[in-house]
Amino acid sequence: MKYIIRESRLEDLFEKYIDSQYGLVLINYPLDKRLKSFETRDGEDFGDVYEKVFYYSDTIDKGILESMFGDNVDKLMFDYIRRRFPKVKIIAVENYWPD
C-alpha cells in the first residue's frame, strides 16, 4: 500500500521530529563569525555551519533520518534551519566536514 503525503506535511513532520528528538540549540562563536554549531538539548554535537554550509556531525546517523523521511533529508534539513533559525544564512547541506 502506498501512502502519498504532501511536501508541506512532510516538512511539518520533519520539523516536529527534529524538535522533539533533538531540540536543536544554536551556538555562536564570537571569535569566528564563519562558524556556528547546533547541539542537541543533551549537549551533543548535531552539526556545524561553516561558511554558509551545514555539515552533519559524524555522531549523527543520517541514515535513520533518510529511512524515515526519504532521500530528500538534506532539503528538509536546509528548509528546517532556514525556518527555525532565520539569522543563520546557509546555502547548502553536506554530509560531513570535508577532509
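Colleague: Taking a contact as heavy atoms within 4.5 Å, what share of the protein chain's contacts with a separation of 6 or more comes from residues 24 or more positions apart?

Modeller: First, a friendly note: this is a predicted model, where local features need pLDDT of at least 70, side-chain atom pairs count only at pLDDT 80 or more, and totals for chains, interfaces and linings use all residues. Residues are numbered from 1 along each chain as its sequence is written, and side-chain values use heavy atoms, leaving out hydrogens and water. Among contacts with a separation of 6 or more, the share from residues 24 or more positions apart is 45%.

Colleague: In which pattern do the helices and strands follow one another?

Modeller: The protein chain has 3 helices and 5 strands, read as DSSP runs (H or I, at least four residues; E, at least two) and numbered from the N terminus. Along the sequence they give α-β-β-β-β-α-α-β.

Colleague: What radius of gyration does the protein chain have?

Modeller: The C-alpha trace spans about 50 × 25 × 25 Å along its principal axes. For 99 residues, a compact globule would come near 13 Å (over C-alpha atoms, 2.2 Å times the number of residues to the power 0.38). The protein chain agrees with that, at 14 Å.

Colleague: How much of the protein chain is buried, and which class does Leu-13 fall in?

Modeller: Buried residues (under 20% relative accessible area with a 1.4 Å probe, protein chains only; exposed is over 50%, partly exposed in between) make up 37% of the 99 residues. Leu-13 sits in helix α1, residues 7–21. Because its relative accessible area is 31%, Leu-13 counts as partly exposed.

Terms used:
Contact = heavy atoms within 4.5 Å.
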